[in-house]
Amino acid sequence: MADQHAISTPAHPSTFTQNPIQRFLIATEVDTRLLGMIGALAIIWIGFNIFSGGLFLTPRNLWNLSVQTASVAVMVTGMVLVIVTRNIDLSVGSILGVVGMVMGVMQTQILPVQLGLGLGHPLIWSLSLLAGLVVGVGIGALQGTIIAYLRVPAFIVTLGGYLVWRGAAWWVTMGRTVAPMDQTFQLIGGGPAGSIGFTWSWIVGAVACAAIVAGLYFGRRQRRRFNFPQRPLWAEASLAVLGCGATIGAIWVANAYPWPVRIAENYAKANGIAVPESGLFISHGIAVPVLIAVGVGVFMTFLTTRTRFGRYVYAMGGNPEAAELAGINTRWVTVKIFMLMGGLCAIAAAISSARLNAATNALGTLDELYVIAAAVIGGTSLAGGVGTIAGALLGAVVMQSLQSGMVLMGLDSPLQSIVVGIVLVFAVWLDTLYRRNKH
């Protein structure tokens, strides 16, 4: 027995030969690729803050950055599933455009005029949103059926969709811009009214922290139940502190950005509030589109990690032939993935059109490139089978940070496109190196 023990122990690296960072990463089981992305994002933020003269890391810019990221963040959660199954969707920007135009026409013409609901009717925004979801899911179902059952490559189908749906968006109104949106619908886009304010932001933060702690606790119970290796208690506590610290920091930044002076004064006058000499400070708090994006991210994470559908998706991406032989209806799963992608495009269309307070023919232009780039930068492998929702959301933040930082620095639009293209190629190269070293 002593000899056997002497032979087996060298297989496990001694904790005494590891530095504190390695011990921390192993104990907490943190994804090193995700950690690397967080480090890259920190470098991007600090760099742009230096070169922009301190304008980047301000509550105003970070708040606007979160709102601008929301629509791409919603769509990238679906793009992860598409790419994981070794497909691609080049039509998401065009789907966003046509769905946004449909919702705009519903709000300005069909519901208030043709159906006689009248402007401002409470059903207008909800019925318009429902119509957009139906159209988005329907388009996704059509494209998914052609891909899955007619065996036409996803690249060709969605490239055709890129052209067809962009043309359809123009055809809906013959090129006219549709505006304004319903006042309740506008809240989906953010702004002073489309934010939840100081108090509710802290309530949301408290709920999020409680959810983080509860998730770690129940995850530990599940590991004990199935006799899986447990993380040390200090590692669990470290994850809880880091998660809650990031949440509290995000809430603090959102609450540090006040309403514009004129809007705050008009609000005070309408509500009989005395304006102090130093001015009225009313916090924006978390924007509604950011809450929607976070909610979609949580739902999609649960869908991919805790459901049979999610396991089927990754099984198909890892080995499609083996998945089919195992009894998975790969064709129907593919259709459902594209239906989900269409529904997420509809949600993104609501955010984008509400934020602009208009549906234009330029809505969603080039969004497909930003969504695909965000997914790839976030660690989703084009070879299939690998990708996380959290990584993709972080990739969306990286993409929007690059764009926002270059705007603050006054770089021309063509140069911005060059930088984004270089970053995308570099991310794919890193993914290739990672997979090569892993094997």
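How many salt bridges does the structure hold? The structure holds four, where a salt bridge is a side-chain nitrogen of Lys or Arg within 4 Å of a carboxyl oxygen of Asp or Glu. Side chains of opposite charge can pair when their charged atoms come close.

Before the details, a word on the model. This is a predicted model, in which local features need pLDDT of at least 70 and side-chain atom pairs count only at pLDDT 80 or more, while totals for chains, interfaces and linings use all residues. Residues are numbered from 1 along each chain as its sequence is written, and side-chain values use heavy atoms, with hydrogens and water left out.

Back to the salt bridges. Glu29 pairs with Arg223, and their closest N and O atoms are 2.6 Å apart. Glu29 sits in the loop between helix 2 (20–28) and helix 3 (32–51), and Arg223 in helix 9 (residues 197–225), so this pair ties together parts that are 194 residues apart in sequence. Helices here are DSSP runs of H or I with at least four residues, numbered from the N terminus. Glu29 also forms a salt bridge with Arg231, at 3.3 Å between the closest N and O atoms. That pair links the loop between helix 9 and helix 10 (233–255), where Arg231 lies, to the loop that holds Glu29, 202 residues apart. Arg231 in turn meets Glu236 in a salt bridge of 3.4 Å, N to O. Glu29, Arg220, Arg223, Arg231 and Glu236 are linked in a network of salt bridges.

Which of these residues are buried? For the cut-offs, buried means under 20% relative accessible area, exposed over 50%, and partly exposed in between, with a 1.4 Å probe and protein chains only. Arg231 is buried at 14%, and Glu236 is buried at 7%. Glu29 is partly exposed at 44%.

Next, the domains. The domain assignment, which is automatic or from a database, gives domain 1 (68–193 + 288–401) and domain 2 (196–286). Their centres, taken over C-alpha atoms, are 27 Å apart. Five residues from domain 1 and seven residues from domain 2 take part in the contact, contact meaning heavy atoms within 4.5 Å. The two domains bury about 460 Å² between them, 80% of it on carbon and sulfur atoms. Buried area is the accessible area (1.4 Å probe) that two parts lose on being put together, summed over both. On the domain 1 side, Pro192, Val288 and Leu291 supply 86% of the area buried against domain 2. How many salt bridges cross the interface of domain 1 and domain 2? The rule finds zero.

His284 lies in the loop between helix 11 (261–270) and helix 12 (288–306), and is buried at 2% relative accessible area. Not counting residues up to four places away in sequence, His284 touches residues including Trp63, Pro192, Tyr257 and Trp259.

Trp259 brings us to the aromatic pairs. A search of the whole structure finds eight of them. Rings of Phe, Tyr and Trp (its six-membered ring) pair if their centres lie within 6.5 Å; planes under 30 degrees apart count as stacked, over 60 as edge-to-face and the rest as tilted. Trp259 and Tyr267 are edge-to-face, with 5.2 Å centre to centre and 80° between the planes. Trp259 is buried at 15%, whereas Tyr267 is partly exposed at 36%.

How values were computed: Helix = DSSP H or I, 4+ residues; strand = E, 2+ residues; numbered from the N terminus.
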